[in-house]
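Trainee: I'd like to learn how to read a fold from its contacts, cores and charges. Could we walk through one together?

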Amino acid sequence: MGVKNLWDILESCKKTLPLHHLQNKRVCIDLSCWIVQLQNVNKSHCAIKDKLYLRGLFHRLRALIALNCSLIFVTDGAIPAIKSSTYRRRLNPGNVLTQDEAIKPSSIRRNAGSEFSRMIKEAKVLGNALGIPCLDGIEEAEAQCALLNYESFCDGCFTSDSDAFLFGARTVYRDISLGEGGYLVCYEMDDIERKLGLGRNSLITLAVILGGDYSEGVYGLGRESACQLVKSIGDSAVLQWIASEFSFVKKQKGSKKKIEDDKCNGRENAAEYKNPNGSKCPSQMKSQTLQVLNAYLKPKCHSAESDAVQRILALYPFSRSQLQQICTEFLDWPPEKTDEYILPKIAERELRRFANLRSTASQVGVQLPLDEMPIKCPLSRIIKPRKVQGVDCFEVSWEEMDGLETSIVPADLVQRYVNY
């Protein structure tokens with residue numbers, strides 16, 4: 001979910017970009033969000049039994065691999081303590097939390113034996129065969145993705161959780177489509193700051209006011225009023241203001257007798273600070289708000305210098321035999337079908353890598369003979385021009401690409417290779 005109504009607030013910053021925007025980029029993927037998206041395409045029992053979500057994931061990955069887009073899976077770890085009450089309410093909508101659960105929440109380990117966890121494990125196995133590393137998050141996957149993006153270890157992150165920006169993300173891809181050439185739905189923090197006047201601190205404050213995974217929000221304040229209020233204070237001062245001066249809830253409507261009864265029972269402040277979900281005194285509200293701010297500003301993540309992060313930045317090999325075995329087991333595909341799907345995309349990626357290296361060498365004034373290039377050119381020869389769905393292409397033959405002799409690749413990629 002993220003922050004309530006935040007995607008609506010950010011609507012004017014939404015951009016639709018062609019899929020090739022991700023060419024030669026590195027992106028991290030909030031794997032749970034992708035599995036949920038793919039699962040929602042078809043929610044029938046047969047869809048789960050036939051693993052349609054895994055087929056959809058496979059085709060997303062092969063499209064991005066062909067663009068030489070380096071991918072990193074990121075998975076959720078434990079549910080943060082501050083989110084535990086929200087999680088329990090979602091599991092049991094009618095269940096009322098005890099006072100200890102509300103005031104002293106604790107982190108929750110995810111159910112490793114659930115059907116969804118099994119789907120995540122299958123996705124990780126598929127990614128491993130394709131050479132895609134996975135970083136298992138300490139807590140929230142979108143927070144870990146945001147940190148990688150903020151520290152410039154990746155060019156953007158795929159997630160449908162809007163609070164990625166509150167964790168520090170600069171570029172978020174909310175959705176991807178492979179139809180009609182493919183496109184991305186993209187939001188960038190630069191646009192949010194420029195068009196809406198909302199920086200990271202402002203978005204965190206909106207999370208406190210509007211509610212979401214970490215807080216219930218403020219009773220009686222809508223998104224427009226909240227945005228105006230936050231912008232009037234300014235991004236540099238808004239966190240201090242929300243932590244110390246803001247009256248979080250409306251006064252309770254009640255009889256004088258009820259208020260007197262509260263005073264007699266030691267609950268004098270309860271009548272003045274009332275949420276629809278229960279009474280909280282000012283000190284409790286301030287403590288809760290500070291917890292929310294801290295959760296967004298200092299999430300539990302693997303640091304940029306950690307061994308876990310450094311490991312996922314390496315290049316991992318594609319395993320043809322492992323992929324064939326997985327697709328046979330999970331998708332009931334013969335090895336020939338798996339090869340037909342993936343080998344042309346792997347070859348296209350290798351040609352892009354070669355062209356990139358050659359281009360970089362040319363830019364710095366180095367002209368190496370083809371046989372001295374660190375990356376061997378996989379293209380053997382151009383057979384003939386072709387058109388695929390109106391797009392100029394070439395049929396080419398490949399050298400030392402086990403299992404692949406010829407395929408069709410975009411003309412601009414071949415021309416780029418020829419021109420250097």
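Trainee: Let's begin with contacts between residues at least 6 apart in sequence: what share of them join residues at least 24 apart?

Mentor: In this chain, 67% of those contacts join residues at least 24 apart. Keep in mind that this is a predicted model.

Trainee: How many helices and strands does the chain have?

Mentor: There are 18 helices and 12 strands. Of the 420 residues, 47% are buried. The accessible surface comes to about 21300 Å², and carbon and sulfur atoms account for 48% of that.

Trainee: Next, cores. Where do nonpolar side chains tend to be in soluble globular proteins?

Mentor: They tend to be buried together. Here the largest nonpolar core holds 57 residues. Leu57, Leu61, Leu64, Leu126, Phe158 and Trp398 have the most contacts inside it. Helix H4 (residues 52–66) gives the largest share of this core, eight residues.

Trainee: Why does this core lie between domain 1 and domain 2?

Mentor: Because both domains give residues to it. Domain 1 is assigned as 13–84 + 110–198 + 303–313, and domain 2 as 334–419. Apart from that core lies another, of 56 residues, including Ile72, Val230, Ala295 and Ile312.

Trainee: Is Glu122 buried or exposed?

Mentor: Buried: the cut-off is under 20% relative accessible area, and Glu122 has 7%. With residues up to four places away left out, Glu122 touches Lys51, Tyr53, Leu54 and Phe330.

Trainee: And how do I read a whole helix for burial? How many of the residues of H10 are buried?

Mentor: For a helix, go residue by residue. H10 (residues 200–210) is mostly covered, with 10 of its 11 residues buried. The buried set runs Asn201, Ser202, Leu203, Ile204, Thr205, Leu206, Ala207, Val208, Ile209 and Leu210.

Trainee: On to charges. How many salt bridges are there?

Mentor: The count comes to 21. Take Lys15 and Glu188, whose closest N and O atoms are 2.3 Å apart. Lys15 lies in strand E1 (residues 15–18) and Glu188 in strand E7 (residues 183–188), so this pair ties together parts that are 173 residues apart in sequence.

Trainee: Where do Arg352 and Glu348 lie?

Mentor: Both are in helix H17 (residues 335–363), four residues apart, about one turn of the helix. Arg352 forms a salt bridge with Glu348, with 3.1 Å between the closest N and O atoms, and both residues are buried.

Trainee: Last topic, backbone angles. Which value of phi does Asn5 have?

Mentor: Phi of Asn5 is near 70°, a positive value in a residue other than glycine. Asn5 sits in the segment before helix H1 (6–9) and is partly exposed, at 29% relative accessible area.

Trainee: What about Glu400: where is it found?

Mentor: In the loop between strand E11 (391–398) and strand E12 (406–410). Glu400 isn't a glycine, yet its phi is positive, about 55°. Glu400 is also exposed, with a relative accessible area of 65%.

How values were computed
Residues numbered from 1 in each chain as written. Predicted model: local features only at pLDDT ≥ 70, side-chain atom pairs only at ≥ 80, totals over all residues. Heavy atoms only, no water. Buried < 20%, exposed > 50% of the residue type's maximum accessible area, 1.4 Å probe, protein only. Helix = DSSP H or I, 4+ residues; strand = E, 2+ residues; numbered from the N terminus. Contact = heavy atoms within 4.5 Å. Areas by Shrake-Rupley, 256 points an atom, 1.4 Å probe, with all protein chains shown as cover. Core = buried A, V, L, I, M, F, W, Y, C linked by side-chain atoms within 4.5 Å. Domains from an automatic or database assignment. Salt bridge = Lys/Arg side-chain N within 4 Å of Asp/Glu carboxyl O.
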